[in-house]
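Visitor: I have a model open and a few things to ask about it. Can we go through it piece by piece?

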Amino acid sequence: MDALLSTGALPVQNTGYDIDYSLKFETDNTEYLMAEGRSQGASQQTWTWSCWLKRTEVDNGIVAQYIFSAGSDGKTGIYFRDDASYPDDRIFIYVDEGNSLKWIGQVNQSFRDTSAWYHIVLVVDSTDSTAADRTKIYVNGVQQTITFNATLNQNVSTRVGDGGGKFSIGGKVANTGYGFNGYMAECVLVDGSALTPTSFGEFDSATGIWKPKDVSNLSLGTTGFYMNFDDSSNVGAVKTGTSQGNFDKYNLSAADQATDTPTNNFCTMNMLNRTDGNSKTQEGGTKLTTDGGSDWCSMVANMGVTKGKWYWETERGTNDVVQGIVASEDAWIPHNSAAKYYLGNVAEQSSMGFYSNANPNMRNGNGMSFDFDAGDILMIGLDMDNSKLYFGVNGTWQGSGDSIGGNTAGASTIWSSFDDQFVLPAVSVYQGGNMKINFGGYTCISISSGASDGDGYGTFEHAPPSGYYALCSKNLEEYG
């Protein structure tokens, strides 16, 4: 598991409880869930919110990415804030105090890891005699220190569970521009109880990693609910606590259901490891987009390997692209507007890839060449055990003289300088272009076949070769 480049919660394979699905949210598509007209709760003074989430976009110009908000105008909620005043993606907490917005405070810690699943628990109990204990927040089982701007007055109502109220997940009530970008799983609201994180998770006795527990039998109270996003036909369905009805879906569908979860974390592109601020990820970290200009933008994925055999796919968008790998303990692609670096065009020979333009060919490889047009799906097979990198297009492996999973193909030999280093997927896109990347946990590529690897993980357009696996935490635990 040391192949996972992360500082967050990275669950091991055998957790005792598996979360099968999550839901992908994208602000650019105005994607969120909303429940309206929910009836009066048992108590608007005491409640607990719990969810697992994985961020995919930071430094993208969105001031506030709301995890949830409540009330007719969203005056209760928590969000990640990133702007000139608070540039570090801290968690901010607001609570509606009798129809009056109150900024409770902030957690003075950055939450910018785009490879990790975070578990967040917010507990509000205005009946508590200690003012500082009326609002508590926990991340991965650990209580966070809140720098208070104000504390709740005692015994006030907070508009969570109020008659006719609204509750939004992945967005802010009354401001759809403040949406969440990433994945959410296991969303729970408990009405009338102030719970601790151990109601939702526990520390693994062997690894010390915070991991989820089965919450399907929790007592949720009058307006509480539990959502696990397992119903692709209605991703707004409430699993338990259904007396208040399901959530309405806004620009969300079965296509946004994902298998990237806290118990099987999939590789995505890492917005924190890019060469240029003119590029960003979208669609759950599976699409690299760029603005206009005349330079290359490159981005590296957030899972690396030192051994094993791995498979992923990309779909070429517009303009020139390069798809391949980088190798470095601190993997990056140098950026120099004059040199216009991209994968395979790095002086240190720390990267290689397939360059798709009018004359498609390998860069820093074996000279392999084949047609690869806009809309084509490129298959990539990385064999770290034999230092080979394979490419195929639209179901056919390219080249000859070698073999991948029993298929005749050609391979580029990975340099010996890659030994004992992480090797990570990476892409380079000429500005104005875009690229879709499918690691199997979620994809914005149009999938018709739904193939998986030999262990049943991932969703791909083309079947991974025998012995090649999706880049996810369960496979890395076994093969990486």
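Visitor: Is Phe391 buried or exposed?
Guide: Phe391 is buried, at 0% relative accessibility. Buried means under 20% relative accessible area, exposed over 50%, and partly exposed in between, with a 1.4 Å probe and protein chains only.

Visitor: What kind of model is this, and what are the ground rules?
Guide: This is a predicted model, so local features need pLDDT of at least 70 and side-chain atom pairs count only at pLDDT 80 or more, while totals for chains, interfaces and linings use all residues. Residues are numbered from 1 along each chain as its sequence is written, and side-chain values use heavy atoms, with hydrogens and water left out.

Visitor: What is the mean pLDDT?
Guide: The mean is 87, and 90% of the residues reach 70 or more. pLDDT is the predictor's confidence in each residue, from 0 to 100.

Visitor: Where does pLDDT stay under 50?
Guide: Over residues 1-14, for which the model has 50 contacts beyond four places in sequence. Contact means heavy atoms within 4.5 Å.

Visitor: Back to the rings. How many aromatic pairs are there?
Guide: The count is 34 aromatic pairs. Rings of Phe, Tyr and Trp (its six-membered ring) pair if their centres lie within 6.5 Å; planes under 30 degrees apart count as stacked, over 60 as edge-to-face and the rest as tilted.

Visitor: What about Trp49 and Phe68?
Guide: Trp49 and Phe68 form a tilted pair, 4.8 Å centre to centre with 40° between the planes. Trp49 is in strand 3 (residues 46-55) and Phe68 in strand 4 (residues 64-70), so the pair ties together parts 19 residues apart in sequence. Strands are DSSP runs (E, at least two residues), numbered from the N terminus. Trp49 is buried, with a relative accessible area of 0%, and Phe68 is buried at 0%.

Visitor: And how are the rings of Phe354 and Phe391 arranged?
Guide: Their centres are 5.8 Å apart and their planes at 45°, so the pair is tilted. Phe354 lies in strand 25 (residues 351-356) and Phe391 in strand 28 (residues 388-393), so the pair ties together parts 37 residues apart in sequence.

Visitor: What else is Phe354 in contact with?
Guide: Leaving aside neighbours within four places in sequence, the contacts of Phe354 include Val321, Val322, Gln323, Met362, Phe370 and Phe372. The C-alpha atoms of Phe354 and Ile325 are separated by 9.6 Å, and these residues are 29 apart along the chain.

Visitor: Which residues do ring pairs link into a cluster?
Guide: Tyr66, Tyr79, Tyr86, Phe92, Tyr94, Trp103 and Tyr178.

Visitor: New topic: cavities. How many of 30 Å³ or more?
Guide: A search of the whole structure finds 3. On a 1 Å grid over the protein atoms alone, a cavity is a set of points where a 1.4 Å probe fits but cannot get out, and lining residues have an atom within 4 Å of a point. Grid points are joined across faces, edges and corners, and a volume is the space filled by probe spheres set on the points.

Visitor: What lines the second largest cavity?
Guide: The lining is Ser50, Trp52, His119, Glu186, Val188, Phe200, Pro212, Lys213 and Val215. Strand 3 and strand 13 (182-191) each supply at least two of the lining residues. The second largest cavity holds about 50 Å³ of space.

Key:
Helices (H or I, at least four residues) and strands (E, at least two) are DSSP runs, numbered from the N terminus. On a 1 Å grid over the protein atoms alone, a cavity is a set of points where a 1.4 Å probe fits but cannot get out, and a pocket is an open set with protein on both sides within 12 Å along at least five of seven lines; lining residues have an atom within 4 Å of a point.
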